[in-house]
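I want to look at the fold, the core and the charged pairs.

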Amino acid sequence: MDKSKQVVLSGQLKWVERVASIMDDKFRIPGTSFRFGLDPVLNLIPFAGDISGFVVSAALLYVMAKNGVSRKVLILMAVNISIDAAVGAIPLLGQISDFYIKANTRNIKLLKEHYNEGKHAGSGNGLIAILLIVLFVVMSAILYVSYLTLHWLFTHF
């Protein structure tokens, strides 16, 4: 990679890193080391909060993809975003998990490992197969729990 490309990537990495920090760990609870960002705060707004966090994460993923990260890194980043979105969609558990599942911060770490340490190179084809299997299992579990919840609600009300 030539020097001019490195400078552009460095500048864009800083922008992406700032947005990720705002979403995941910008604020600290005084007297503790516990950090959180706008993502869990936005998710207090039903549906709109989940969508806004997902859109920001997807936009960051797009910027990173545009800058030539490997397919494997993109898949790992998409997995982080998907886990955050899937768990975040579960009422109450989703609001709590948003303080702990920080997909944007994890994605910045992957990006730094890729560019600075040369990790996560390759096509990621094996990850796609694993991802599809895990996605199927997770979606099945979510549907089953939703069914049980609705069944319980309808039998008790």
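My entries on this chain follow.

**Ground rules.** I'm working on a predicted model, where local features need pLDDT of at least 70, side-chain atom pairs count only at pLDDT 80 or more, and totals for chains, interfaces and linings use all residues. Residues are numbered from 1 along each chain as its sequence is written, and side-chain values use heavy atoms, with hydrogens and water left out.

**Fold.** I looked up the secondary structure and got 7 helices and 2 strands; these are DSSP runs numbered from the N terminus, helices being H or I with at least four residues and strands E with at least two. Along the sequence the pattern reads α-β-β-α-α-α-α-α-α.

**Burial.** Of the 157 residues, 27% are buried (under 20% relative accessible area; exposed is over 50%, partly exposed in between; 1.4 Å probe, protein chains only). I also checked contacts (heavy atoms within 4.5 Å): among those with a separation of 6 or more, 63% join residues 24 or more positions apart.

**Core.** Which residues have the most contacts inside the largest nonpolar core? I found Val-16, Leu-60, Met-64, Val-73, Met-77, Ile-108 and Leu-111, in a core of 14 residues. Such a core is a set of buried Ala, Val, Leu, Ile, Met, Phe, Trp, Tyr and Cys residues joined through side-chain atoms within 4.5 Å. Helices H1 (3-24), H3 (48-66), H4 (71-88) and H6 (103-117) each put in at least two residues. I followed Val-16: leaving aside neighbours within four places in sequence, Val-16 touches Leu-60, Val-63, Met-64 and Ile-108.

**Helix H3.** Buried here are Gly-49, Gly-53, Ser-57, Leu-60, Leu-61, Val-63 and Met-64. Down the axis of H3 they fall within an arc of 160°, so they line one face (the arc is taken over directions from the helix axis to the C-beta atoms). On the face turned away from that buried side I noted exposed Tyr-62 and Lys-66. Just after H3, Gly-68 has a positive phi of about 80°.

**Salt bridges.** I count 2 (a side-chain nitrogen of Lys or Arg within 4 Å of a carboxyl oxygen of Asp or Glu).
- Lys-112 pairs with Glu-17 at 2.5 Å, N to O. Lys-112 is in H6 and Glu-17 in H1, so the pair ties together parts 95 residues apart in sequence. Lys-112 is partly exposed at 30% relative accessible area, and Glu-17 is partly exposed at 25%.
- Glu-113 pairs with Lys-109 at 3.6 Å, N to O. Both sit in H6, 4 residues apart, about one turn of the helix. Glu-113 is buried at 11%, whereas Lys-109 is exposed at 54%.
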